[in-house]
Amino acid sequence: MKKPVLVIMAAGMGSRYGGLKQIDPVDPQGHIIMDFSLYDAMKAGFEKVIFVIKRENEKDFREAIGDRAAKYMQVDYAFQELSDLPQGREVPEGRVKPWGTGHAVLSCRNLLDGPFVVINADDYYGRSAFEQLYDYLTTHEDGEKYAYAMVGYVLENTLTENGHVARGICETDEKGHLAGITERTHIEKRGGDTAYTEDGGESWHVIKAGSTVSMNMWGFTGSFMKELEAGFGPFLEKGLKENPLKCEYFLPGAVDSLIAEGKAEVTVLKSFDRWYGVTYKEDKEKVMEAIRKMKEEGIYPQDFLSDSSCSL
């Protein structure tokens, strides 16, 4: 069984935050959020990472993270490009928006031939998530159905005090398999509750406390790539008619379709770690404080990139 590869989606610029937030330091030593994900992944057993980036960001990205990551992990790059479309398709005039997270992962298709884990560049997931996914992918193979996995987080552990967030609310069956994901694009704390709105705040709907949410941390066998590629054409057929400038091929949607078709089972692995991310500029201070405390508790060395334990 091949060792799982880590795929980090880092092509987004973070429209609400501004700038290339993925390379913004979160401690005095200059580590960024991705450094902590890479460290946790390495400790869990991962030896290779593929960064999905925009080609125009390559130089800055290599200098900020790629070159130093290459000192302790195998590093490769995939470029998410608008022009990467099936034969016969063209980018609609005026389109500048990327094709979504599903397309980001699809850009790795020539670099992957086995199991892999997908994460966002600007989210802190916690070590247990990497350990659980690595263990799952090294002990499970496709059977009658594809054997995939997802790390689910407690909703309240994934919120920011500084605005709204988008989360996929998960439903699971009695066996702990994912039954479906409902995307809510505007979730925020309201008093003692967590609620979402779909009409700009005209009405609010409370989400059950303790609900499981997806933070786009997935574990796939190699079969997922061909399914992702097969689904991209039909997505474009529909999306380019309905919303040619903004339609997106989302990873959760592709997974949802495979579940609905009876092709895949997705085991939901639970993490009770707190999520940290810089969705808004004001989030950075809280992330830095959390990192400082984790270093004090010995979860991370002060400057772990120079730690001898980082050698593979």
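A residue is called buried when its relative accessible area is under 20%. The structure before you is a predicted model, and of the 312 residues of the protein, 51% count as buried.

Let me describe the overall form. The protein holds seven helices and 13 strands. Along the principal axes, its C-alpha atoms fill a box of roughly 50 × 45 × 45 Å. How does the radius of gyration agree with that of a compact globule? For 312 residues, such a globule would have a value near 20 Å, and the protein has 19 Å, so the two agree.

Next, consider the contacts. Among those with a separation of 6 or more, 75% are made by residues 24 or more positions apart.

The accessible surface amounts to about 14600 Å², and carbon and sulfur atoms contribute 46% of it. The side chains include 37 positive and 51 negative ones, and the centres of these two sets lie 1 Å apart.

Strand E7 covers residues 165-172 and strand E8 covers residues 178-190; they run antiparallel and are joined by seven bridges. Which residue of E8 is the bridge partner of Val 165? The partner is Ile 187. Between these strands, the hairpin has five residues, and there Gly 176 takes a positive phi near 80 degrees.

Strand E8 also pairs with strand E9, residues 193-196; this pair is again antiparallel, with four bridges. Here Glu 188 has Ala 195 in E9 as its bridge partner. The hairpin of E8 and E9 has two residues between the strands, and Gly 191 takes a positive phi near 65 degrees. As a general point for reading such strands, side chains in a regular strand alternate between the two faces of the sheet.

Ser 223 belongs to helix H5, which spans residues 223-242. Is Ser 223 buried or exposed? Its relative accessible area is 10%, and the cut-off for buried is under 20%, so Ser 223 is buried. Which residues does Ser 223 touch, apart from neighbours within four places in sequence? Ser 223 is in contact with Asp 142, Tyr 146 and Tyr 148.

Technical notes: Residues numbered from 1 in each chain as written. Predicted model: local features only at pLDDT ≥ 70, side-chain atom pairs only at ≥ 80, totals over all residues. Heavy atoms only, no water. Rg over C-alpha atoms; globule rule 2.2 N^0.38 Å. Buried < 20%, exposed > 50% of the residue type's maximum accessible area, 1.4 Å probe, protein only. Contact = heavy atoms within 4.5 Å. Areas by Shrake-Rupley, 256 points an atom, 1.4 Å probe, with all protein chains shown as cover. Lys, Arg positive; Asp, Glu negative; His and termini not counted. Charge placed at Lys NZ, Arg CZ, Asp CG, Glu CD. Pairing = 2+ DSSP bridges.
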